[in-house]
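Let's walk through this model together, one feature at a time. Keep the 3D view open as you read.

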Amino acid sequence: MKIAVCIRRVPSTETTVKVAADGKTLDPAGVEYIVSPFDEIALEEGLRVKEKLGAEGNEVIAVTVGPAEAATTLRTCLAMGADKAILLKDDKLYQRAPYEIAQGLSAALKELAPDIIFFGKQAVDDDNSQVPTITAQLLNLPFVGLIVKLDLAGKTATVQREIDGGKEVLEVVLPAVFSAQKGLNEPRYPSLKGIMAAKKKPMEEKAANITANTLEVLKMEYPPSRPPGKIVGKGVEAVPELVKLLKEEAKII
Amino acid sequence: MPNPILVFVENKDGTLKKGAIEALSEAKRLSDALKSEVVALVIGNNLGSAAKEPAFYGATKVLTVEGAAFGHYTTAPYTKAMVAAFNKVKPDAILFPATLNGKDLAGSVAGALGTSALQDVISINADGGTLTARRPVYAGKAIITVKALKAPSIISLRPKMFTAAKSDQSKQSQVEKLDVAIDANDQRVKVKEVLKAATAKIELTEADIIVSGGRGMKGPEHYKIIEELAAILKAAVGASRAAVDAGWRPHEDQVGQTGKTVCPTMYVACGISGAIQHLAGMSSSKCIVAINKDPEAPIFKVANYGIVGDLFEVVPALANELKKNQG
């Protein structure tokens, strides 16, 4: 079984966002980049599927659209256990809208023809949560988002997905596209052995095939700042005063 | 007159979702500004009165797609229904509630129409006939203003950020049934079972009040005091990443950059120090109350009201005081 996992290089979640001089993008100075946390979950699931099926005839391929530096992100995926990686080079990643990224990915995925394509449910930078489903559209494959459990039986997957107020169980005919939600698994850390092995694993690089242009960012700004906090007091003695403030000042209760 | 605004009226067995009412209300406001009209699309297997209600919020026309294939949400058949409605009315914009299924569908419809969706939008501007929308990125650490370069603008609206209009039950609109053929290709995904939460939980993203516990809770058994306070406040229960990663709370309760972004009227943070990823997910709450032992905790920088103290004493005392107040 061929399993493709789509990865995005994102600023670390520790990043304090600074708007760049153009007033539209993130100032990249001093920013550290990581594998988007939901994509780590997606990759972990790919690795677990392969481990269950056995190494023979099964492979996990990490694919990303991004600048040359995204090779480092893919090396992390190889160190975690992916068998090979594909970098679809595109210097404009952080100006690209979801459709464009899905276009780049789907062109490469069509050639690969995987049995399963995993994504994280959203990238933690642009929070767009739609590249997985647009990719499925472009490949004419079934899609299930927000999965928290996956079982395979031949060419059928049984998955659980999060819905508002609960979960549901679905049956999906492969090949299919899934997006991973937190809870699906706990991603592993790359081992030292994995990091060494990653250096020898194949990484293919080619230009991303992107022609679409669907959205324009006009401005990036900071959220309204909050007024300085107020310490009501210490310990249980402060509780009556807090309730009074919530009632009379904030008018919430 | 410009082309209409189409609204996906998400419903559960014929009952309109709160977010759908917010989307209809916002569509009406925009259509007034653009001098266009609102068309609603209602999809399901048991629509009940759901086809009548969009008129109460300003829809002049309602399209319905009904059938067994639409009983449970799955991406492909719902996308087909939306595309059929798009072809029928050629809208300039399509609005969705940014619920889990609403966002799923908005993205899929965007893909089908060769464009991208604007997800989790918090405000829309229609000045000069061009739609621009503001949406948070980096889990709310920044906000971008975006416009679609290709029609239609596909926009999902973050719950609770748009005012729901008052329902005017004297209004009626034309209802038209759309026939959408579903084939085997659309049915490669089948819903087998719906697993409801054990107790009727209040959704974090829809809750007016959230009581959240973090690392300071010290263990899953202590969440009883959080749940008691939440019950008195009719609040949802949330958790920080530390509490979820420790296995004390389910993943769907997590608030923050890798959890849910919330904007309740009041957010009560108990034993949460306030890591940047957590603050990103909850700092658009209208009022933040923090209870924490450490007076230097970053949560106090964003809290409207803070109590420095042991949560195991303060939280039950707060619950008692509120009970006294109510009684």
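The largest pocket holds about 1,300 Å³ of space. Here a pocket is an open set of points on a 1 Å grid over the protein atoms alone where a 1.4 Å probe fits, with protein on both sides within 12 Å along at least five of seven lines, and lining residues have an atom within 4 Å of a point. Points are joined across faces, edges and corners, and the volume is the space filled by probe spheres set on them. Of the 48 lining residues, A:Ile163, A:Asp164, A:Gly165, A:Gly166 and B:Glu203 come closest to the centre. By class, the lining has 19 nonpolar, eleven polar and 18 charged residues, where Ala, Val, Leu, Ile, Met, Phe, Trp, Tyr, Cys and Pro count as nonpolar, Asp, Glu, Lys and Arg as charged, and the others, Gly among them, as polar.

A word on the ground rules. This is a predicted model, where local features need pLDDT of at least 70, side-chain atom pairs count only at pLDDT 80 or more, and totals for chains, interfaces and linings use all residues. Residues are numbered from 1 along each chain as its sequence is written, chains are lettered from A and ligands numbered from 1 in the order in which they are written, and side-chain values use heavy atoms, with hydrogens and water left out.

Now for the open sheet of ten strands, ordered E11(A)-E5(A)-E4(A)-E1(A)-E6(A)-E10(A)-E7(A)-E8(A)-E9(A)-E13(B), with mixed pairing. Strands (E, at least two residues) and helices (H or I, at least four) are DSSP runs numbered from the N terminus, and two strands pair if DSSP finds at least two bridges between them. E11 (203-207) of chain A and E13 (189-196) of chain B each have a single partner strand, so one side of each lacks a neighbour in the sheet.

Over in chain B, look at strand E6 (93-97): five of its five residues are buried, meaning under 20% relative accessible area (1.4 Å probe, protein chains only). B:Ala93, B:Leu95 and B:Pro97 sit on one side, B:Ile94 and B:Phe96 on the other. E6(B) pairs in parallel with E1(B) (5-8) through three bridges, where B:Leu6 stands opposite B:Ile94. Five bridges, also parallel, link E6(B) to E11(B) (153-157), and there B:Leu95 has B:Ile155 as its bridge partner.

Key:
Buried means under 20% relative accessible area, exposed over 50%, partly exposed in between (1.4 Å probe, protein chains only).
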